[in-house]
Amino acid sequence: MADFGTNPCGFKEAVTIEAQRIFDSCSDRDCLEDLEVTFADYESNLRVNEATYAKARCAQVTSVFFSVEPIPFNKGFYSVDITYTFDVEIELAPSAAAQTTTVHGSATFTKKVILYGSDGGTKYFTSTDNGAVSVTGCSYNNPPKATLAVADPIVLNIRLVSIPAMNCCTDATCEQTVVSPARKMIYVTLGVFSIVSLARTVPVMVPAYDYAVPNKECVSSTESPCELFEKINFPSSEFFPKSLEDISSCCNNS
């Protein structure tokens with residue numbers, strides 16, 4: 001370790017780094033009610049139409065799409081449109097006594113938040129962008145970077161809805177019609193906890209202590225898998241789940 005001499009703070013020198021500074025963020029609790037679940041394959045749609053029983057097992061966020069746009073006449077503020085895509089695992093059965101089958105459907109939801117992202121009047125390039133630049137007319141638009149942290153959604157409700165057959169008009173006079181067959185649709189209600197942030201790359205001066213060199217050597221094991229297994233502690237807690245009193249005691253101690 002380097003000798004820092006009589007420096008009362010203990011650091012070696014002040015250096016400049018590039019970091020993502022968060023200018024604004026917000027946390028949210030969204031109850032997404034009656035999202036339509038769609039199924040990409042024919043087999044899943046057939047099972048939905050035959051079902052009289054539906055139960056949602058779990059849901060997860062599979063992708064998130066951002067759209068960041070400046071708000072006119074409100075300099076430094078941005079509208080962040082966030083489009084979630086959820087994967088929902090559902091159990092279906094033609095009757096309550098029949099064996100269930102599992103299908104996967106998808107649902108989407110778009111929300112909007114307004115956050116402060118500071119001004120970005122300069123063009124910012126990096127080697128990973130391959131020279132790409134966002135241009136809006138003759139005005140360069142340098143929006144901040146939007147990030148989202150989201151927990152796994154909680155399935156609050158699921159509904160299996162029967163849609164009766166109906167005649168649909170194909171023109172304004174309704175002289176020609178087509179018959180839309182009866183079908184069933186699934187709607188889910190999800191609870192989502194999330195944190196949205198807007199950040200920009202800025203130069204920041206920080207104290208540097210020294211380069212971080214690991215003080216632990218890598219150890220290569222030549223033991224057999226069974227010998228390694230023998231060294232693992234028996235997972236007693238997995239066989240004896242905590243009671244409500246244990247959880248309360250743990251939380252109070254922390």
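Let's start with Tyr116: at 31% relative accessibility, this residue is partly exposed, meaning between the cut-offs for buried, under 20% relative accessible area, and exposed, over 50%, with a 1.4 Å probe and protein chains only. Tyr116 sits in strand β4, residues 101–116. Strands here are DSSP runs of E, at least two residues, numbered from the N terminus.

A word on the source. This is a predicted model, where local features need pLDDT of at least 70, side-chain atom pairs need 80 or more, and totals for chains, interfaces and linings use all residues. Numbering runs from 1 along each chain as its sequence is written, and side-chain values use heavy atoms, without hydrogens or water.

Confidence next. Mean pLDDT, the predictor's confidence per residue from 0 to 100, is 82 for the protein chain. 83% of the residues reach 70 or more. Residues 1–6 fall below 50. That stretch still has seven contacts beyond near neighbours in sequence; contact means heavy atoms within 4.5 Å. Where pLDDT is low, the predicted coordinates should not be read in detail.

Now Thr189. Strand β11, residues 183–208, holds Thr189. Thr189 is buried, at 6% relative accessible area. What does Thr189 touch, leaving aside neighbours within four places in sequence? Cys31, Leu32, Glu33 and Asp34, then Ile154, Val155, Leu156 and Asn157. A polar atom of the Thr189 side chain lies 3.2 Å from the backbone nitrogen of Asp34.

Last, Asn142. Asn142 is in the loop between β6 (139–140) and β7 (145–150). Asn142 is buried too, at 14%. Lys123 is 19 residues away from Asn142 in sequence, and 6.7 Å away in space, C-alpha to C-alpha.

Technical notes. Helices (H or I, at least four residues) and strands (E, at least two) are DSSP runs, numbered from the N terminus. A polar contact is a pair of N or O atoms within 3.5 Å; within protein, one must be able to donate a hydrogen and the other to accept it, and residues adjacent in sequence count only if both atoms are side-chain atoms.
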